[in-house]
Amino acid sequence: MAADRCLAAIESGGKLETAGFDLARGDAGADWPTATWTQGIVLMRQFDRQAGGNVDPRVCEVQNTEYLTLGQIADATGAYADMMTRLVEGGAYYPRQLPPGWPKLPAMASELRSATAGPRGCRMAVSFVTEPVAGMAIFSVSEIGRAPCGTLPAEEKAG
């Protein structure tokens, strides 16, 4: 499943496994390229946010490219619920309380946060949003943290 690939890449600090996907946009040559991959109606996108720190937080998103039926959205929600249960029961993640009224659209949203930083020195957020009226489901894994995110070089720590 594409969501598992995103989670594995962000958690490990390694490359995104794209076997079986077609490169739709970007360059696949870099360690973490800004690129979009497709497989059927699944779109997988990776990029990093310019945070001004010494490590640019990485993001990996999965979404549908065609309208999903309520049954398909229910299947995607069930798969995310299974993943969420596994992550929380393992103790590495905890549920984040989303602000009241977020999002304001007729949507369902949930998010987990990692309890500790990953190998690149950033904590992680795992998010899932569905909007049945639009036939859409989006799964996202991103490195988060107050800038700068990541481990500081030895000379900056001493300063």
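Does glutamate 61 count as buried or exposed? At 15% relative accessibility, glutamate 61 counts as buried, where buried means under 20% relative accessible area, exposed means over 50%, and partly exposed lies in between, using a 1.4 Å probe and protein chains only. This is a predicted model, in which local features need pLDDT of at least 70, side-chain atom pairs count only at pLDDT 80 or more, and totals for chains, interfaces and linings use all residues. Residues are numbered from 1 along each chain as its sequence is written, and side-chain values use heavy atoms, with hydrogens and water left out.

**Two residues of strand β4**

- Glutamate 61 sits in strand β4; helices (H or I, at least four residues) and strands (E, at least two) are DSSP runs, numbered from the N terminus.
- The side chain of glutamate 61 makes a polar contact with the side chain of arginine 45 at 2.8 Å. A polar contact is a pair of N or O atoms within 3.5 Å; within protein, one must be able to donate a hydrogen and the other to accept it, and residues adjacent in sequence count only if both atoms are side-chain atoms.
- Leaving aside residues up to four places away in sequence, glutamate 61 touches Cys6, Leu43, Met44, Arg45, Phe47, Phe139 and Ser140, where contact means heavy atoms within 4.5 Å.
- Asparagine 64 is also in strand β4, which covers residues 58–64, and asparagine 64 is buried, with a relative accessible area of 13%.
- The side chain of asparagine 64 reaches the backbone oxygen of glutamate 66 at 2.6 Å, and a polar atom of that side chain lies 2.8 Å from the backbone nitrogen of alanine 137.

**The disulfide**

- The structure holds 1 disulfide, counted as a pair of cysteine sulfur atoms within 2.5 Å.
- Cysteine 6 is joined to cysteine 60, with an S to S distance of 2.0 Å.
- This pair links distant parts of the chain, 54 residues apart: cysteine 6 is in helix α1 (residues 2–12) and cysteine 60 is in strand β4.
- Both cysteine 6 and cysteine 60 are buried.

**How the strands pair**

- Strand β1 (residues 22–26) and strand β2 (residues 35–39) pair in the antiparallel sense over 4 bridges; two strands pair if DSSP finds at least two bridges between them.
- β2 also pairs with strand β3 (residues 42–48), antiparallel over 5 bridges.
- Tryptophan 37 in β2 stands opposite leucine 23, and the bridge partner of tryptophan 37 in β3 is methionine 44.
- β2 and β3 form a hairpin with 2 residues between them, and glycine 40 in the turn has a positive phi of about 60°.
- Strand β6 (residues 108–114) has 6 of its 7 residues buried, so β6 is largely enclosed by the rest of the structure.
- β6 runs antiparallel to strand β5 (residues 93–95), joined by 3 bridges, and antiparallel to strand β7 (residues 123–131), joined by 6 bridges.

**The lining of the largest pocket**

- The lining of the largest pocket has 18 residues, of which Met1, Val42, Val62, Ala76 and Ala137 lie nearest its centre. On a 1 Å grid over the protein atoms alone, a pocket is an open set of points where a 1.4 Å probe fits, with protein on both sides within 12 Å along at least five of seven lines; lining residues have an atom within 4 Å of a point.
- α1, β4, α2 (70–89) and β8 (136–144) each supply at least two residues of this lining, and the largest share, 5 residues, comes from α2.
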